[in-house]
Amino acid sequence: KINIFQIAFGGGEPLLYPRLVEAVSAVNSYGMSSTVTTGGAGLNKDYLQKLIDAGINHIQISLNGSTPEINSRSRDGYKEAIEALSLLKSQKLSYGINWTARRDNLEEFPSMIYLARQYRVKNINILRLKPDRKGSFKEQILSPSEFIRLGEYIKKYSLKGPVIKIDSSFSSLLCWIYSDRHLPAGCGAGRYFMSVDMYGNFRACSHMTYGEKYDTIIDYWYESAFLNKLRIPEDMGEPCSTCLNFNKCRGCRVICKDLYGDFYGGETGCPAYKSFIER
């Protein structure tokens, strides 16, 4: 009713959900597209065919390193992810890799590009590191110089395949790379996407711990005071509020809350910052 065009199944691990095939089929029956993000465990030939028959449009494989050693620094399942990529390579289905940028895997980004080409993936989606229960966030978030290093890698390897995509919460990186080009207006959490968790709570994005109960998605989307406040850019603090990239970026609220203790605060030390005065 509000023209949603895609439903993305993520986790945790969505392949553990016993009604996933049924859910994909339901999405397809309403004329919407569906994607699944998985670590690859349990994705065998038979199960993949069931997803294809149900109408799945795209699969993303989560992989943070081109070798078992690099990947194991942040996640399990290297073998399963590679086996999934090998299986997908033999299919016509669209698929890609989700890669989270961290201090401990940054310098092997060229090797990830090589691996992606080897398995003929359509895209590498670069995710911004978010706080998690492992507690490594503050140690592994990129420094300003590492942020710039990643940007240079992306510029270099964007000239050839696979397509390098950048998650909307990494809007500061988008602004740094593409400078004055027209870009989406920052992270879309609560603005052009939302999340529903396994308990039926509505969230602005899957990384926000704050969830709300409403009778319908429509009620949540239009009536949530939290979403309405999140959509008002004037509430964001310094240095974001005086940055020329402000309306194209807005920063990541989850990161601001964890690093600076202020959900509506600015991202201190952001390499993409451009002052009104400098202009």
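Visitor: Why is Tyr-157 called buried?
Guide: Buried means under 20% relative accessible area, exposed over 50% and partly exposed in between (1.4 Å probe, protein chains only). Tyr-157 has a relative accessible area of 14%, so Tyr-157 counts as buried. Tyr-153 is buried as well, because its relative accessibility is 8%.

Visitor: Before we go on, what kind of model is this?
Guide: This is a predicted model, where local features need pLDDT of at least 70 and side-chain atom pairs count only at pLDDT 80 or more, while totals for chains, interfaces and linings use all residues. Residues are numbered from 1 along each chain as its sequence is written, and side-chain values use heavy atoms, with hydrogens and water left out.

Visitor: Where do Tyr-153 and Tyr-157 lie?
Guide: Both lie in helix H7 (residues 144-157), 4 residues apart, about one turn of the helix. Helices (H or I, at least four residues) and strands (E, at least two) are DSSP runs, numbered from the N terminus.

Visitor: What makes the rings of Tyr-153 and Tyr-157 a tilted pair?
Guide: Rings of Phe, Tyr and Trp (its six-membered ring) pair if their centres lie within 6.5 Å; planes under 30 degrees apart count as stacked, over 60 as edge-to-face and the rest as tilted. The centres of Tyr-153 and Tyr-157 are 6.4 Å apart and the planes are at 40°, so this pair is tilted. Ring pairs also link these two tyrosines with Trp-99 and Phe-109 into a cluster.

Visitor: How do you know that Phe-263 and Tyr-264 are edge-to-face?
Guide: Their planes stand at 75°, with 4.9 Å from centre to centre.

Visitor: What makes Arg-103 and Glu-146 a salt bridge?
Guide: A salt bridge needs a side-chain nitrogen of Lys or Arg within 4 Å of a carboxyl oxygen of Asp or Glu. The closest N and O atoms of Arg-103 and Glu-146 are 2.9 Å apart. Arg-103 lies in the loop between strand E4 (94-101) and helix H5 (109-118) and Glu-146 in helix H7, so the pair ties together parts 43 residues apart in sequence.

Visitor: Are these two residues buried or partly exposed?
Guide: Arg-103 is partly exposed because its relative accessibility is 42%, whereas Glu-146, at 16%, counts as buried.
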